[in-house]
Amino acid sequence: MNYAGRMNSFVFKGGSVLDAIREYRTMKGLTHLEFNYPEHIDGYRLADIKEAMGDLKVNGFAIRWRNRFTNGNFNNPDENLRREAVELCKKGIDACRELGGKVITLWFENDGFDYPFQIDYEKSWKNMVEGIREVADFAPDMKISVEYKPFEPRNYSLVDSTGMTLLLINDVDRENVGCTLDFCHMLMKNDSPACGLALAASRGKLFGLHMNDGYGWMDSGMIFSSVNLGLSLEFVYYLKKYNYDGVTFFDTFPIREGAKEETQANIDAFEKLLKLVEDTGMESIDEVISKCDGVGAQKLVLGMLK
């Protein structure tokens, strides 16, 4: 598997982006880097980032709209800001391509609503579709990946579930547009993580993963499989079933934990679950699933832990 860690795990503890890259180079199993744009790129020369990377590769950039965009990204009521939001994506694509990245992740954190009668839903949806199409057409060589979150910072996100994300992808109708699934966001929506994965992957639209864990009522960003072991095992099984060959990005928040130790714990947990699935065997798991038996399914999970 290919693994990447969260840059802010180090930056929020006082380190620089270059410091984080150097730490990531020392970790067992970590292969790729992910950057937020522009926050992790502004103030640095791309040449210096390349030099610091060593053998690590760049998977992609996540576009971040801050400050003046709190009232909307692709749905800002100010047309000039809507245009600026799209143009920011294009600039991020150019920088990402220069570093060798292939995936641009779009989380529309401000595109939603808080009050009844606050937005025109149909118009807002069309704005999203048109904006994503423009970005996708600008960079047909890049994967443009939509990440949903049901709420936070808005009370309601316009793209709030796996189903809505797949509907959006269908309406955009571009070969290079897919989705990034965040495990914790799926728990917040009460989506089944593995079900959403299967629906996206079976359509060839699973472009990225944000792995973490939590209790479902906030974006906890905890170590992968630390809370929901059964759901995590099922998720890994479906990744293998659909031959996911992209990067697994650990979007976790080591507030009290050491950033390096917490990132390594994520990699170790994922590798352990992957081995449990492989040791059990795909055919054996398939046989249990085919019986649609809850008791048998629970026995399977406990048997995998022997």
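Guide: Helix α8 passes α9 in a right-handed crossing. A crossing is right-handed if the near helix is turned clockwise from the far one by less than a right angle, and left-handed if anticlockwise. Helices (H or I, at least four residues) and strands (E, at least two) are DSSP runs, numbered from the N terminus. This is a predicted model, in which local features need pLDDT of at least 70, side-chain atom pairs count only at pLDDT 80 or more, and totals for chains, interfaces and linings use all residues. Residues are numbered from 1 along each chain as its sequence is written, and side-chain values use heavy atoms, with hydrogens and water left out.

Helix α8 covers residues 193-201. Its axis and that of α9 come within 8 Å and cross at roughly 15 degrees. Axes are lines fitted to C-alpha atoms, for helices over the stretch in contact, and angles run from 0 to 180 degrees between N-to-C directions. The two helices are therefore roughly parallel to each other. Angles under 35 degrees count as roughly parallel, over 145 as roughly antiparallel, 65 to 115 as roughly perpendicular and the rest as oblique.

Now the residues. From α8 come Pro193, Ala194, Leu197 and Ala198. They meet Leu231, Glu234, Phe235, Tyr238 and Leu239 in α9. Contact means heavy atoms within 4.5 Å. By class, this contact of α8 with α9 has eight nonpolar residues, no polar and one charged. Here Ala, Val, Leu, Ile, Met, Phe, Trp, Tyr, Cys and Pro count as nonpolar, Asp, Glu, Lys and Arg as charged, and the others, Gly among them, as polar.

Helix α9 also packs against α10. Helix α9 spans residues 229-241, and α10 spans residues 259-280. Their angle is about 70 degrees, with the axes 9 Å apart. The pair α9 and α10 is therefore roughly perpendicular. Helix α9 passes α10 in a right-handed crossing. On the α9 side are Leu229, Ser232, Leu233, Val236, Tyr237, Leu239 and Lys240. They meet Phe270, Leu273, Leu274, Leu276, Val277 and Glu278 in α10. This contact of α9 with α10 has 10 nonpolar, one polar and two charged residues.

Ser220 sits in the loop between β9 (206-211) and α9. At 16% relative accessibility, Ser220 counts as buried. Buried means under 20% relative accessible area, exposed over 50%, and partly exposed in between (1.4 Å probe, protein chains only). Not counting residues up to four places away in sequence, Ser220 touches Cys184, Asp213, Gly214, Tyr215 and Phe253.

For another helix pair, turn to α4 and α5. Helix α5 covers residues 121-138. The axes of α4 and α5 come within 10 Å and cross at roughly 30 degrees. That makes α4 roughly parallel to α5. Helix α4 passes α5 in a right-handed crossing. Their contact has five nonpolar, two polar and six charged residues.

The largest nonpolar core has 87 residues. Such a core is a set of buried Ala, Val, Leu, Ile, Met, Phe, Trp, Tyr and Cys residues joined through side-chain atoms within 4.5 Å. Helix α4 (residues 79-98) gives the most to this core, with eight residues. Phe61 is one of the residues with the most contacts inside the core.
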